[in-house]
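Reader: I have a protein open on my screen. Can you walk me through it?

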Amino acid sequence: MELLPISTPHCRVERDGHVLVVTMNRPEARNALSADMLVGMASAWAYASAEPGVRVAILTGAEGTFCSGADLKAMGQPSSDPEVRARAAQIVDYHWKGLLREDLPTKPVICAVEGYAVAGGTELLVGTDLRIVAESATLGLFEAKRALFPMGGSAVRLPRQIPYCHAMDLLLTGRAVSAAEALSMGLVNRVVPDGQALAAARELAADVAAAGPLAVQAILRTYRDTQGMPEREALKVSDELGWPVIGSEDAKEGTLAFREKRPAVYRGH
């Protein structure tokens, strides 16, 4: 694992081959969101998009907690680190980018959840593509119960991701949800024993990284770009993105590897 210089005191960003691991690192505050943390995450997502060798990212939290939501005081104050303050000034809307609300990375993001993933923590989860959750984890969008609003995008995204009645249950009651219930709703992919979320996410990331990167990125973009479109128009977008993948060198390698009964070696072109 290589620690990248885009890390901040509250956000550790590491690279392991094709996998980027982003760790919210404020355990003394249950990894509550701070400006420092959001600058680090915004930088990580930009790096994931720009770096061809990165094929998938993992988002997790330090020391057994994912994220307990927004620390409004800490989010409203600049980082105590002058270098991080300078970076914040250069990133337009770093809060929204860090929260996976805007300018989503072009590579899939897997979240690995232990402990609390509530309020802003669940909003972050809703912004990811694949979700691994430990069995005793607690999720929930608590904003309405506190007379607040889920500004991370969940009021829009959640009813598009899970059945309407389940989404409204979470959004309007602000109640806590167990990992098992989140799985039954279709909010998460897999529930694993406590302490195993990151390991399971790494296994899943390895599977994603072993797939053709052009195909993975085109599938992700097709889904995002066609939201709300009629099927006929959406299929045009799908074709525009899909045909170049079909004609790529990676596609030829995938077919050849299948015939030769060996693992494919994809190069992203």
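Reader: Which strands form the open sheet of three, and in what order?

Author: The order is β6-β8-β9, with mixed pairing. Strands here are DSSP runs of E, at least two residues long, while helices are runs of H or I of at least four, all numbered from the N terminus. Two strands pair if DSSP finds at least two bridges between them.

Reader: Before we go on, what kind of model is this?

Author: The model is predicted: local features need pLDDT of at least 70, side-chain atom pairs count only at pLDDT 80 or more, and totals for chains, interfaces and linings use all residues. Residues are numbered from 1 along each chain as its sequence is written, and side-chain values use heavy atoms, with hydrogens and water left out.

Reader: How does β6 run against β8, parallel or antiparallel?

Author: Parallel, with three bridges joining β6 to β8 (residues 138-140). Ala117 has Leu139 of β8 as its bridge partner.

Reader: Next sheet. What is the order of the seven strands?

Author: β1-β2-β3-β4-β5-β7-β10. That sheet is open too, and its pairing is mixed. β1 and β10 (190-192) are the edge strands, each pairing on one side only.

Reader: Take me along from β1. How does β1 pair with β2?

Author: Antiparallel, over two bridges. β1 covers residues 2-3 and β2 covers residues 11-16. Leu3 stands opposite Glu14 in β2.

Reader: And β2 with β3, over how many bridges?

Author: Six, in the antiparallel sense, with β3 at residues 19-24. Arg12 is opposite Thr23 of β3. The two strands β2 and β3 make a hairpin with two residues between them. Gly17, in the turn, has a positive phi of about 65°.

Reader: What about β3 and β4, parallel or antiparallel?

Author: Parallel, over six bridges, with β4 at residues 56-61. Leu20 has Ala57 in β4 as its bridge partner.

Reader: Switching topic. How many salt bridges does a search of the whole structure find?

Author: It finds 14. The rule asks for a side-chain nitrogen of Lys or Arg within 4 Å of a carboxyl oxygen of Asp or Glu. One of the 14 pairs Asp16 with Arg202, whose closest N and O atoms are 3.6 Å apart.

Reader: Where do Asp16 and Arg202 lie?

Author: Asp16 is in strand β2 and Arg202 in helix α9 (residues 197-210), so the pair ties together parts 186 residues apart in sequence.

Reader: Now domains. What does the domain assignment give?

Author: Domain 1 is 2-210 and domain 2 is 213-260. The bounds come from an automatic or database domain assignment. Nine residues from domain 1 and six from domain 2 take part in the contact, meaning heavy atoms within 4.5 Å. The C-alpha centres of the two domains lie 27 Å apart.

Reader: What area is buried between domain 1 and domain 2?

Author: About 680 Å², with carbon and sulfur atoms giving 55%. Buried area is the accessible area (1.4 Å probe) that two parts lose on being put together, summed over both.

Reader: How many salt bridges are found across the interface of domain 1 and domain 2?

Author: One. As for Arg224 and Asp129, their side chains meet in a salt bridge at 3.8 Å, N to O.
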